[in-house]
Amino acid sequence: MAELLVLAEHRMGELREVTFEMLSKGRSIAEGNGLDLTAVLLGNGADGFADELSGYADRVLVMDHPDYADFNAEAYQQALSRIISERKPRVTLLGHTSFGVDLAPALAVELGIPLATDCIDINIEEGKVLVTRQIYGGKLNVEASLREADSHIVTVRPATFEAEEPRLEKGEIVKLKPPATVAVEHKRFVEYVEPTPGEVDIAEADVLVSIGRGIKDEKNLPLIQELAGALKGEVGCSRPIVDKNWLPKDRQVGSSGKTVKPKLYIAAGISGSFQHVMGMKGAELIVAINKDPKAPIFRIADYGVVDDIFKILPALTQKIQELKKPTG
Amino acid sequence: MFKVNIVVCVKQTPETAEVELSLDESGRGIKTEGLVFEMNEWDEYALEEALLLKERLGGEVTAVTMGPEGADAVLRRCLAKGADKAIWLKDEAFKGSDAYATAKILHAAVKGLEFDLVMAGAQASDDGHGAVGVILAELLDIPHASMVKKVETGEGSLKVNRELEGGLEEVVELAMPAVLTIQTGINEPRYVSIMGIRRARKMELTVMALADLGLSKEDVGEDGSWMRVERVYRPPVDKEPVMMTGSPDEIAGALVEMFRARGLV
């Protein structure tokens, strides 16, 4: 039976959430198109992972080797190109993560099969693989078709599909022999570097006031610090602020920074790239302030203000301070 | 003395923050009139990293771009900042190229150059495939590392930090030559100097079209792509926020009232 493959992603002894999101989306595509859902697991001593994955897939293909302990694009590409060229799955799903971004494009070239990256939807219609992607920082969507081929590769945006619960019926586990010589010739994993903790952990804050590009200049930072102070909250930010060294990395909210779930999140001058949204969409109340009414941040906000942050932020600070002043 | 020759792939992209984008007649693209084009943000960091390495170790930096009329502005910018040579890949046939077709075009230009490293932005702010650099590496049959946040080079060897999720990085050793796709924040891109602009104005650009690259029409554009754009549309809105209007003072007052009702202040 034709298959849909999902590459399991793991790091430091844990299967990553995107794996289960892909398996859930993969399940619905597979069912709609009469395909088997097969998970592929490359790891070292990965029986536990295989068992966990068998709750989601019809079949788990396992290749066990010491060089698969940590992700290595070169070693993974060698194994996957072999598996895909033998089995010719209709579609192989990989996460659009630091892992998939390093692996999928080279794999597609080696196999000579079409690739679409960072997809937020995938369908098969009349044999054609159709994907939905975002362009211009999420301002527009694109519907695209992949060139017709036996097999296709799609990388899936994390946190886009909901991970479902495992099924009662478990899939079969199939052990595959790794290549006689695992390729780690040109690329070698050395070590992980953990982020340095900052003075405060913004993930613990009840109120977070975050700024993005809209703050324009480092010298405008006090505006946001004063508001955060008045609200007894902490200052967070989007990636560009850290890239410019205006705030330390431990203040960054997003997929490459911290995931936060405060009671109140104020996004000021943040356009709302999906990387940022991934880090804060779990906030209980989101207030977005941005000059651009089409900024993607308004698609996830509870309250929106289309105005200049340089007018709104000081007004907010002032109103809160007035509230706190003893009356009479 | 160990030197590095570096090829930097750059792209011109429109500035779209705070800009109302409108669709073109085909419904498969946007109207570009009135948009301000600049160098893709990620590429600014890739160029800077190349220039820093050149200044430390010696060698040459060659900037390459594929783009239509006007795209030479990014090459002039690269030259003004300190690149030594610039190549402009320009042909009507390149229009509609996806990540794969783009990488094939770059490959045709880069393969004949002498280089130790190829650098490109980890992604472009327009299409955001995040794939061109890694495809190029595979076409060149050399190793790669994507989303690079730190580069250390020694004699023929290379150690880089890749950005992973949640603030984590991994250190990877690579053989050279290699392709690196550069993540923002790796360095602080320099400003363009007036002197640099003057110097760049006098420098020659190498312009190459389809035939110069030894490619045919089937290799490039939509025909040579893996992916075909069917339609472009505005993303559906799942949740409309409550929009606050009025003077800044009124808006602030209403928000603070709402915060108070929820016990947040």
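This is a predicted model: local features need pLDDT of at least 70, side-chain atom pairs count only at pLDDT 80 or more; totals for chains, interfaces and linings use all residues.
Residues are numbered from 1 along each chain as its sequence is written, and chains are lettered from A and ligands numbered from 1 in the order in which they are written.

Now to the interface as a whole, where 65 residues of chain B are in contact with 72 residues of chain A, contact meaning that the C-beta atoms of two residues, placed from the backbone, lie within 7 Å. Several elements of chain B give two or more residues to this side, including helix 4 (132-140), strand 7 (144-154) and strand 12 (227-233), and helix 6 of chain B gives the most, with 9 residues. Sorted by class, the side of chain B that touches chain A holds 34 nonpolar, 12 polar and 19 charged residues; here Ala, Val, Leu, Ile, Met, Phe, Trp, Tyr, Cys and Pro count as nonpolar, Asp, Glu, Lys and Arg as charged, and the others, Gly among them, as polar.

A second sheet also draws on both chains: 6 strands form an open sheet, with parallel pairing, in the order 14(A)-13(A)-15(A)-16(A)-17(A)-13(B). Which strands stand at its edges? They are strand 14 (234-237) of chain A and strand 13 (242-243) of chain B, each with a single partner strand, so one side of each is left without a neighbour in the sheet. Within the sheet, strand 15 (residues 264-268) and strand 16 (residues 285-289) of chain A pair in the parallel sense over 5 bridges, and Ala268(A) stands opposite Ile289(A) in strand 16.

Turning to chain A by itself, we find 8 helices and 17 strands, and buried residues make up 55% of its 328 residues. I call a residue buried if 20 or more other C-beta atoms, placed from the backbone, lie within 10 Å of its own, exposed if 12 or fewer do, and partly exposed in between. The domain assignment, which is automatic or from a database, gives domain 1 (3-176) and domain 2 (202-324) of chain A, and the contact between them takes 6 residues from domain 1 and 7 residues from domain 2. Their centres, taken over C-alpha atoms, are separated by 34 Å.

Chain B, finally, comes to 6 helices and 13 strands, and 48% of its 265 residues count as buried. Its helix 2 (residues 72-81) has 7 of its 10 residues buried, so this helix is largely enclosed by the rest of the structure; among the buried ones are Val74(B), Leu75(B) and Arg77(B). Just after helix 2, Gly82(B) takes a positive phi of about 135 degrees.

Notes. Helices (H or I, at least four residues) and strands (E, at least two) are DSSP runs, numbered from the N terminus. Two strands pair if DSSP finds at least two bridges between them.
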